[in-house]
Amino acid sequence: MKFSAHEWRGHFPLLANHPRLHYLDNAATGQLCAAAFDAVTHHELTQRANVLRGTYKLAEAADAAYEQARRQAAAYLNAASADEVVFTSGTTAAINLVAHAFGDTLQAGDEVVLSLAEHHSNLVPWQMLRGRRGVALRFIRLADDGRLDLARLDEIVTPRCRLVAVTHASNVTGAVSDLVPIVAAARAAGARVLVDGAQMVQHGPVDVAALDADFYAFSGHKAFAPNGVGVLWGRAEALAALPPFLGGGGMIGRVTAEETTYAAPPRRFEAGTPPIAQAVALGAALDWLRAQPWEAMRAHTTHLAQRLLDGLAVLPGLTFLGPREMTERLPIVAFNLAGIHPHDACQVLDAHHVAVRGGHHCAQPLMDRFGVEGAVRASLAPYNTEADVDALLEGLKDAQRKLK
Ligand code: PLP
């Protein structure tokens, strides 16, 4: 199928409202697509009611829309059943859910394996669990190009390991994790696997069946959908084995003054009123995304990222964080310019209407590994064009003229 970035841009209302903007901060959040926009409007104007409680027609329509969103999310992930989809408020909430529900089944001496590439969302909850349960954390280290160093995996994933929690792709280096040996090592140890899919979902449908993990977390806002909603996918058997995390309405079987029995997944993990309109919009966005020509779109973003890497490579004093080649990586490029603080570079770029992020990107252990405080990060989506990349490169030359 043919793909045109200019046509694709037409599906993103904010970009039409900011024709001069070069939006290159897609790893932080993707712009809202029209399908999600329209779904929110339709829902709020015609179906707004609480879910799983009402018996009148409006509430039934809200229920149906919410459960359709669950099926749409399941389809995007190639999940075996919609009941494997738990709506959360985002990746962070999904990981915290597992850190509590699964974490509280662990004991002192059990081990959780992470990597040094993790976003703080997939690190801090496990450090907090260590404080509560006395589990030990072990880390997969990073090679010089930012990829996970899997050479001594068998020494890191020991028989005491209960969970391996790793990112599908780094939000700093763009490196895609080689999950096959990681899942194999976890399985050999009898451990569960959680994959942080926050970055991956923006770049096409994911196949959780092929990944063979137990949990997969992502946020709606990275997938061109609203914020305030996300998904925890869990293999049916893995979810069924978990106790609830939050207690409240909607997650119960029967409540007496003394005791509560719990609903089956996914409801067991959706206490309280969920983000209904946001979930409906996420479902609509994922449905629309699923029908897009991803092969052509990936070729487009890969071409842009290569153009960016080539343009950066000739700038004096430039250092990359992450792989230089475009295989097994997302179009996310992090770098530093000698003598220029990332925040200062971002400010000059803003004057050029280029929106990029500078800082530690919630990945301070990764920054420590490379001995830097932070980096400038440009992250590309299919609506970006060569003009966006060229504006960034021009802006950086200007920053070097002004700031050095
Ligand atoms: N994990 C990764 C790899 C991310 O890039 C992010 C956000 O940037 C998160 C987790 C946290 O996502 P959220 O803030 O939407 O919960």
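## Buried area

Domain 1 and domain 2 bury about 2900 Å² between them, and carbon and sulfur atoms give 59% of that area. Buried area is the accessible area (1.4 Å probe) that two parts lose on being put together, summed over both. Trp294, Leu330 and Arg369 supply 22% of the area that domain 1 buries against domain 2, more than any other three residues.

This is a predicted model: local features need pLDDT of at least 70, side-chain atom pairs count only at pLDDT 80 or more, and totals for chains, interfaces and linings use all residues. Numbering starts from 1 along each chain as its sequence is written, and side-chain values use heavy atoms, without hydrogens and water.

## Domains and contact

Domain 1 covers 5-31 + 293-403, and domain 2 covers 37-290. These bounds come from an automatic or database domain assignment. The domain centres, taken over C-alpha atoms, lie 28 Å apart. Contact (heavy atoms within 4.5 Å) involves 39 residues from domain 1 and 33 residues from domain 2.

## Salt bridges

Two salt bridges cross the interface of domain 1 and domain 2. The rule asks for a side-chain nitrogen of Lys or Arg within 4 Å of a carboxyl oxygen of Asp or Glu. Glutamate 325 and arginine 147 form a salt bridge, with the closest N and O atoms 3.2 Å apart.

## Elements on the domain 1 side

Helix 12 (294-313), strand 12 (332-337) and helix 14 (364-369) each give two or more residues to the side of domain 1 that touches domain 2. Helix 14 gives the most, with five residues. Helices (H or I, at least four residues) and strands (E, at least two) are DSSP runs, numbered from the N terminus.
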